[in-house]
Amino acid sequence: MVLLVGAGLLIRTFAHLQGLNPGFDARNVITASLSLQDARYATNEHVNRLFDKSLARIRELPGVESAAVALSLPYERALNSDFRLLDGRHVDTQYQITNMFYLTPEFFRVLRIPLLRGRAFSDADNIKAAQVAIVSEAFVKVYLRDDDPLGRHLDFGGAGAGRCEIVGVVGDTQQKSGWGEQFGPVAPMPAVYIPATQTDDKSLQMLHTWFAPSWVVRTTGPPEGVIAGMQRAMQAVDPQLPFAGFHSMEDVRYRSLAQERFQAALLAALAGLALLLAAVGIYGLIASSVAERTREFGIRLALGATVAQAIRAIALPGVALALAGVMAGSVVATFAAQLLRHLIWGVQPGDPLTFGAVGAGLLGVAAAASFVPALRVAHLNPSETLRQD
């Protein structure tokens with residue numbers, strides 16, 4: 001009962017996380033990353049020249065609809081950057097934390113992340129223009145609340161864009177959180193997006209020490225067909241920069257929940273083994289009882305007992321024992337589930353649906369394991385049983 005409840009809670013957690021709206025369209029999108037921790041790409045000019053040239057070649061490939069570059073992707077761990085609000089009704093002199101990404105202008109179009117307010121980035125948002133930012137809907141809810149986000153100004157302490165103006169709001173995407181227990185393994189985290197062209201040299205060097213930017217390409221058909229073309233396009237721009245690997249956005253999403261999938265599968269396997277052992281034990285106990293009491297049941301049937309009465313007399317003790325085990329196991333599982341609190345999301349440790357389904361399932365297995373061997377009584381011939389003795 002304890003193992004089954006634990007497995008049920010983890011399976012429901014995985015189902016909850018798997019069912020979250022990703023916030024973007026992952027179909028026909030392929031990604032590839034490469035390291036820019038390279039002395040040749042220590043400046044904004046060289047980095048963005050690489051982005052422009054490689055993206056121009058990739059967009060010319062047959063089957064490519066759009067392409068962009070971003071520091072990190074949805075469902076991946078993002079850069080945590082400190083910031084503070086400079087104006088509005090919720091000005092705070094203390095620095096707070098948000099996820100931050102640099103990206104090229106077509107990123108939202110490639111992933112089809114909806115623009116909710118304001119405008120998207122354009123080629124005019126370069127290093128010489130006023131610094132701008134786009135924030136996620138979660139950022140507005142957490143930090144701006146009832147303030148109008150457009151026109152508000154942010155100041156980034158260490159890395160990033162320095163002082164910038166919010167010019168747009170986009171929909172949330174699921175992100176690896178790492179922000180503590182108030183968020184799940186993936187969640188729509190507050191996020192700030194800045195143009196890659198407005199990221200200064202020092203910030204780029206720091207960012208590329210920890211992150212490898214990703215090229216994101218939307219295709220008109222199966223994305224596997226453009227992999228070779230993307231590799232050739234990058235080789236034409238810089239032969240010393242091969243892509244590290246290619247993944248579909250579905251793969252990125254799948255890999256982000258690998259730990260939760262493993263936890264659920266492991267405990268489910270252990271719970272399945274425990275359930276099998278319980279079923280085998282009850283079956284063996286009842287089968288042994290039938291074998292030992294064959295003469296008794298032959299006499300009962302000879303004296304007028306019905307087959308149904310005999311079957312109930314054999315099977316009900318097994319069901320009663322299982323019921324007692326379920327009740328005792330439920331009490332223990334209630335306390336044991338608290339130990340899983342940091343592993344479950346979208347479901348409470350004492351979830352009545354999980355406890356009810358597990359209890360009913362376990363009783364069902366116990367009933368089957370009890371009644372199947374008890375059915376042997378139906379084939380008893382009372383006269384032959386008595387003659388054997």
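Q: In which helix does Leu9 lie?
A: The model is predicted: local features need pLDDT of at least 70 and side-chain atom pairs pLDDT 80 or more, while totals for chains, interfaces and linings use all residues. Residues are numbered from 1 along each chain as its sequence is written, and side-chain values use heavy atoms, leaving out hydrogens and water. With helices taken as DSSP runs of H or I of at least four residues, numbered from the N terminus, Leu9 lies in helix α1 (residues 2-18).

Q: Does Leu9 count as buried or exposed, and why?
A: Buried means under 20% relative accessible area, exposed over 50%, and partly exposed in between, with a 1.4 Å probe and protein chains only. Leu9 touches Ala337, Ile344, Val347, Gln348, Pro349, Asp351 and Thr354 (heavy atoms within 4.5 Å), not counting residues up to four places away in sequence. Because its relative accessibility is 0%, Leu9 counts as buried.

Q: Why does the span of helix α8 agree with its number of residues, and how far apart are its end C-alpha atoms?
A: Helix α8 covers residues 258-292, 35 residues in total. The expected span is 1.5 Å times one less than the number of residues, so α8 should span 51 Å.

Q: What is the volume of the largest pocket?
A: On a 1 Å grid over the protein atoms alone, a pocket is an open set of points with protein on both sides within 12 Å along at least five of seven lines, and lining residues have an atom within 4 Å of a point. The lining has 18 residues, with Asn48, Asp52, Pro105, Asp123 and Thr197 nearest the centre, and its largest share, five residues, comes from helix α2 (residues 44-59). Taking volume as the space filled by probe spheres set on points joined across faces, edges and corners, the pocket has about 340 Å³.

Q: How much space lies in the largest cavity?
A: A cavity is a set of points where a 1.4 Å probe fits but cannot get out, and two cavities reach 30 Å³ or more. Residues lining the largest include Asn99, Phe101, Asp172 and Tyr193. Its space is about 60 Å³.

Terms used:
Helices (H or I, at least four residues) and strands (E, at least two) are DSSP runs, numbered from the N terminus.
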